[in-house]
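My notes follow in the order in which I looked things up.

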Amino acid sequence: MKYFLLAVIMMNSLKISAESISNRIYKIENGLIKFENGRVAFLKNGHQGLKSQDYIKGEIDNQSNLISFIKVNHMNSDPVKSFFFEENEYEDTFEPSIVSSLKDADEIFSRSNPHYKRISECSDRAHVWAHDEFKVSGTKSMKAFIFFTASYINSVRFKWWFHVAPMYKVNDKGNFKDMVMDFRYSDRPLTVKEWSDQFVYTKRPCKVTTKFSEYDVNPQTENCYLIFESMHYKIPGEIHEKELSWRLKTKTTEYELKASYRYAFDPK
Amino acid sequence: MKKIYFPIFTVLSLIISSCGKDNKSSQKNTSQEFEEQQSHGVYRAILRPLNNHLSGFLPTGKAIVEIDKEQIQISTHLDDDAKVLHIQSIQNGTRCPSLNDDTNQDGILDIEEATAVAGEVLIHLDGSLDGGPEGDGLYPWGSGFSYKKRADLPVIENEIRLRTKKNLALADRVVMIYGVSKNTPLPETVATRSQLPKDSSIPVVCGVLTKIQ
């Protein structure tokens with residue numbers, strides 16, 4: 001009977017499975033597509049006529065290969081993806097708050113809204129978590145962005161090219177620590193290294209930079225890059241825009257927050 | 001949400017729940033047996049990734065247990081990329097294992113290492129919560145599955161009392177879901193149970209139930 005069971009399991013394991021994706025291509029690099037939502041897909045047969053900014057609907061197999069797609073005219077840009085730069089904001093005056101103890105950091109973590117949707121983007125979740133806490137306690141946080149290089153993605157068949165979570169500066173008995181609060185993936189605040197180790201299986205430290213371009217044109221010698229920005233930055237495009245235009249994102253509008261909430265969270 | 005179940009025979013479930021059971025320690029706890037627990041309410045576990053380095057994907061999920069009068073309802077959902085059998089259970093430990101519990105240091109947290117921390121099975125989250133024959137051993141199959149089952153609370157309480165000599169107490173109990181892709185390379189050192197294929201017994205998410213209402 002047990003052998004029959006094993007046979008049935010094996011037969012079902014062979015079923016072809018596919019994940020649907022509907023998103024805009026950020027970039028095609030080294031045989032992989034980076035989508036704006038952070039997902040990647042591998043191209044087996046060259047570019048297949050695809051290029052940056054194409055919006056596609058397609059299917060990805062469980063090895064992250066793009067197995068079918070159609071290009072879609074997607075004229076309306078996502079309002080969440082719009083930039084919200086204040087005019088003439090060229091001076092960076094943002095200072096994160098200091099959380100007074102690790103215990104307080106734990107409390108912030110436990111206040112994170114757990115009602116996120118199964119299918120939701122990390123940028124929306126991080127935005128809501130950071131701003132919810134600001135509304136509750138006035139604590140100003142940072143965002144930790146981690147960017148994975150194409151060589152790393154290829155080597156471990158990683159499924160994302162970037163990830164983001166809120167980060168707080170915490171006073172641990174006189175030692176100031178940056179603690180990342182990634183409520184969906186970890187059960188407590190993590191140091192930046194602990195956090196990046198969750199995704200970087202080589203445990204190799206990520207190179208910290210302030211320039212998105214350093215990651216974007218990297219020579220593939222690193223596994224990953226880290227960029228720390230204020231809580232107002234939501235997506236990599238905003239960091240890139242900052243570098244290109246020297247304009248800063250110094251606030252988050254209610255409209256933007258509501259959109260993130262709507263996309264990423266169920267009503268309580 | 002579409003639910004896909006997959007047949008596994010009861011005997012396997014029972015073997016999983018009984019393997020590795022420490023009879024001596026359960027005898028030592030006789031003074032704690034049948035202690036009264038206030039189980040009524042709503043419990044939630046945020047399910048977070050384990051062994052995610054095996055697939056490059058970080059599976060996550062949630063589990064909700066609602067106990068109201070004479071009924072218990074348990075719902076889980078999993079967001080994974082491996083469309084495989086997902087054995088799932090509530091276990092009687094109080095914390096989730098991590099790679100620090102990988103005692104043979106092969107880089108993979110297997111079912112034996114996980115169970116040493118998360119405890120043995122308290123409730124099988126299969127097609128038959130109360131252990132009855134209908135739906136017994138039927139576990140969800142798929143990557144993004146949702147599971148919801150309802151049962152008579154006294155039946156479950158009795159079943160647990162008979163099997164574990166303890167009353168049902170859900171606070172701080174551990175929810176585990178197992179199963180990685182069949183294509184996952186697994187070394188010889190990875191343990192399994194009950195002749196399950198190794199890939200079906202690798203833990204992929206874990207969370208601790210906390211009372212929220």
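Which residue in β5(A) stands opposite A:Ile60? I looked it up and found A:Leu66. I note that the model is predicted.

Next I looked at the two strands themselves. Strand β4 of chain A covers residues 55–61 and pairs with β5(A) in the antiparallel sense, over 6 bridges. As a reminder to myself, strands of a sheet pair through backbone hydrogen bonds, either parallel or antiparallel.

Then I traced the sheet in chain A. It is an open sheet of 5 strands in the order β3-β2-β1-β4-β5, with antiparallel pairing. At its edges I found β3 (40–42) and β5 (66–72) of chain A; each has a single partner strand, so one side of each is left without a neighbour in the sheet.

I moved on to chain B and strand β6, residues 88–91. Which way do its side chains point? B:Gln88 and B:Ile90 point one way, B:Ser89 and B:Gln91 the other way. I wrote down that all four of these residues are buried. In a regular strand the side chains alternate between the two faces of the sheet.

Last, I checked the partners of β6(B). With strand β10 of chain B (residues 174–178), β6(B) pairs in the antiparallel sense over 4 bridges. With strand β7 of chain B (residues 121–124), the pairing is also antiparallel, over 3 bridges. B:Gln91 turned up in both places: it stands opposite B:Val174 in β10(B) and opposite B:Val121 in β7(B).

Terms used:
Residues are numbered from 1 along each chain as its sequence is written. Chains are lettered from A and ligands numbered from 1 in the order in which they are written. This is a predicted model: local features need pLDDT of at least 70, side-chain atom pairs count only at pLDDT 80 or more; totals for chains, interfaces and linings use all residues. A residue is buried if 20 or more other C-beta atoms lie within 10 Å of its own, exposed if 12 or fewer, and partly exposed in between; C-beta atoms are placed from the backbone. Two strands pair if DSSP finds at least two bridges between them.
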